[in-house]
Amino acid sequence: MPTLRSATANASSVAVGTPSPAAASTPRSVKRRLTPGRAGELPAASRHTSPHRSPHAGTGTVCMPKLLSASPKSSRKRLYGDLVAAEKPKWNPRDAAQMRAVKEALHVATVPSSELVCRDNELRRVLEFCKASVEQEKAGSLYVCGCPGTGKTLSINKIKDSLVCWADEMGMETPDSLAINCTNLANTSEIFGKILGKFQNRKKGSSKLSPLQQLQSMFSSKDSAPRRMMLVIVDEMDYLITRDRAVLHDLFMLTTCAFSRCILIGIANAIDLADRFLPKLESLNCKPLVVTFRAYSKDQISDIVKHRLKGLEYDVFEPLALEFCARKVAAASGDMRKALGVCRSAVEVLEARLQDSPDQELGIVTFDHMDIALSKAFKSAVIDSILCLPQHQQMVLCALANTFQHCKKKATTLGELNKSYIEICRSTQVPAVGMLEFSNMCMVLSDQGFMKLGQSKEDKLRRVTLQIDSSDITFAFKGNRFFQKCLEQPRC
């Protein structure tokens, strides 16, 4: 007598494997009535069944083989395709919210919320310097220099926040911080009043002395010196270099006082401080550590743009378009602010085309859009005019670029400009013209709108100001070895 298990197995094998006579003889009309009911019970089976029906398919007990006949590859493809679409949706440039998010991410004023990229080495050096000063409770000075748009100010602001977090984690007293932009100072000596005002929150100074004298007196004695360290960030230090070098020297000398609590970080675009000021500061025993921020390369520019757009869930730029922008900006100046401006302009070109052609198919920023944006940014009538000038007039423009771009001067004199021009002629082994002919060339350049000449009794004392962007001069001569040499060694 069979056991219960064997009986059950035999029953199931009959039910699944061999159709019963009743099932085989079921009329077609009954099958049609049964099919909707079974599809409602087993939706997956109804969706994945093969179009080739079994000759024995009639009742619900024989619907399992239809599941086995489904194509697993097609199901997997549909499933994974849906997941990819959900993870990376396409960008809709006509969507106002998406367009606003892209423009905001590419705006110069937008500070990345996450870590900075492409400045790891510079950040590490500055942060290690600040940590050592806080641990040892010892004052020190550091000078951060580099061309405009290389991330100097943004990096130092990030370091200020990192230093506070590090001090909290280590259980140390959190240093105070003070940021000063020298261009906002009506008088250069005001910088000492701002530093003193920060310290006076805890200790009052004597009103009979100047702010500098009060700071020097405060840091000369252990009893009067503040307990807490202070990170003083002085941005746009070029202003002090060109206006009042004595203030610059006094500022760095504050870090040499026996009980000074200042960690001074100066930020400037002048990259030749080592040649002009470090010997003097070294003789005063206040030589700062110098950290140079080099111009961004094409790979770094591309990585920074991608990092800014990382938070968006869609692609905005065609890879070739982004590479084209990075190459052009890196060749001209390596200015990241310029690259962000070009990228925003390319997005606006796409936006304008979609507005002009409502039926145009949606897409991302292509090479053509980027080419138009770069043309607006660099290929101007000014550059074409520069390239059509005689060689010596072009060399005068190089002298102007060295003066106004590298040395960050607002104005110079015709005599100083002539000296810079002669230096360029000497370095390139080109005979220089005389002062009278040089003055005539400058008058021609002034008539064409490249520079502006002031009035003076002596020709050499005539005031000279630049009327065009100095980056246009640099871009016009990119790829030209002769003029690249003219721009290599600025004389300030």
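1. Strand 2 (residues 176–181) and strand 3 run parallel, and six bridges join them. Within strand 3, Val232 is the bridge partner of Leu178. Note that this is a predicted model.

2. Strand 3 also pairs with strand 4 (residues 262–268). The sense is again parallel, over five bridges. Here Val234 has Gly266 of strand 4 as its bridge partner.

3. How many residues of strand 3 (residues 230–235) are buried? Six of the six are, so strand 3 is largely enclosed by the rest of the structure. In a regular strand, side chains alternate between the two faces of the sheet. Both faces are covered in strand 3. Met230, Val232 and Val234 are buried on one side. Leu231, Ile233 and Asp235 are buried on the other.

4. An open sheet of three strands has the order 6-8-7, and its pairing is antiparallel. Strand 6 (412–413) and strand 7 (451–453) stand at the edges. Each has a single partner strand, so one side of each is left without a neighbour in the sheet.

5. Strand 8 (residues 463–466) pairs with strand 7 over three bridges, in the antiparallel sense. Leu453 has Val464 of strand 8 as its bridge partner.

6. Next, a helix pair. Two packed helices are described by the angle between their axes and the distance between the axes. For helix 7 (residues 96–105) and helix 18 (residues 336–356), the axes come within 9 Å. They cross at roughly 160 degrees. Angles over 145 degrees count as roughly antiparallel, so helix 7 is roughly antiparallel to helix 18. The crossing of helix 7 past helix 18 is left-handed.

7. Which residues meet where helix 7 and helix 18 touch? Helix 7 brings Met99, Val102, Lys103 and Glu104. Helix 18 brings Arg344, Val347, Glu348 and Glu351. By class, this contact has five charged residues, three nonpolar and no polar.

8. Is Ser439 buried or exposed? Ser439 sits in helix 23 (residues 435–447). Its relative accessible area is 4%. The cut-off for buried is under 20%, so Ser439 counts as buried. Neighbours within four places in sequence aside, Ser439 is in contact with Leu414 and Asp459.

Note on methods: Residues numbered from 1 in each chain as written. Predicted model: local features only at pLDDT ≥ 70, side-chain atom pairs only at ≥ 80, totals over all residues. Heavy atoms only, no water. Pairing = 2+ DSSP bridges. Helix = DSSP H or I, 4+ residues; strand = E, 2+ residues; numbered from the N terminus. Axes fitted to C-alpha atoms, helices over the stretch in contact; angles between N-to-C directions. Parallel < 35°, antiparallel > 145°, perpendicular 65-115°, else oblique. Left-handed = near helix turned anticlockwise from the far one by under 90°. Contact = heavy atoms within 4.5 Å. Nonpolar A, V, L, I, M, F, W, Y, C, P; charged D, E, K, R; others polar. Buried < 20%, exposed > 50% of the residue type's maximum accessible area, 1.4 Å probe, protein only.
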